[in-house]
Amino acid sequence: MPFDSMPQGGSRGDPWARVCHSCKMPIGVNEPTEELRFDVDPERKLEEMNGTYHAACAKPLLSIKRALDMLSWRPS
Ligand SMILES: [Zn+2]
């Protein structure tokens, strides 16, 4: 796949360009991303963290999410 050799000039102002939910920087089309969905939050405080992140920016959040998923999984 020749994705690496694609010309990237002038893609900054694309209206569909995604912005990282964490660092607010644009996410390039070739950059790895993570889609975060905190749908297990009972207090709904984490819902505003839902969004698209750079894969690197999402890493700490993914570990938080994993911890929350474990916490939320308990018999009542
Ligand atoms: Zn980011």
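Which residues does Asn 50 touch, not counting residues up to four places away in sequence? Asn 50 touches Leu 36, Arg 37 and Phe 38, where contact means that the C-beta atoms of two residues, placed from the backbone, lie within 7 Å.

## Basis of the model

This is a predicted model, in which local features need pLDDT of at least 70, side-chain atom pairs count only at pLDDT 80 or more, and totals for chains, interfaces and linings use all residues. Residues are numbered from 1 along each chain as its sequence is written.

The term pLDDT denotes the predictor's confidence in each residue, from 0 to 100. For the chain the mean pLDDT is 79, and 71% of the residues reach 70 or more.

## Overall architecture

Helices (H or I, at least four residues) and strands (E, at least two) are DSSP runs, numbered from the N terminus. Confidence is highest in strand E4 (residues 51–54), at a mean of 95, and lowest in helix H1 (residues 55–72), at 89.

Of the 76 residues in the chain, 9% are buried. A residue is buried if 20 or more other C-beta atoms lie within 10 Å of its own, exposed if 12 or fewer, and partly exposed in between, with C-beta atoms placed from the backbone. Among the contacts with a separation of 6 or more, 44% join residues 24 or more positions apart.

## Asn 50 and His 54

Asn 50 lies in the loop between strand E3 (33–36) and E4. Asn 50 is partly exposed because 13 other C-beta atoms lie within 10 Å. Arg 37, one of the residues that Asn 50 touches, is 13 residues away along the chain, and the two C-alpha atoms are separated by 4.9 Å.

His 54 belongs to strand E4. His 54 counts as buried because 20 other C-beta atoms lie within 10 Å. Leaving aside residues up to four places away in sequence, His 54 touches Cys 20, Cys 23, Ile 27, Glu 31 and Thr 33. The C-alpha atoms of His 54 and Glu 34 are 6.2 Å apart, although the two are 20 residues apart in sequence.

## Lys 24

Lys 24 sits in the loop between strand E1 (18–19) and strand E2 (26–27). Its phi is near 65°, a positive value in a residue other than glycine. Most residues other than glycine have a negative phi.

Lys 24 is exposed because it has 8 C-beta neighbours inside 10 Å.

Helix H1 has 18 residues and reaches 24 Å from its first C-alpha to its last. This is close to the expected 26 Å, where the expected span is 1.5 Å times one less than the number of residues. H1 bends by about 30° at Leu 61; the bend is the angle between axes fitted to the seven residues ending there and the seven starting there.
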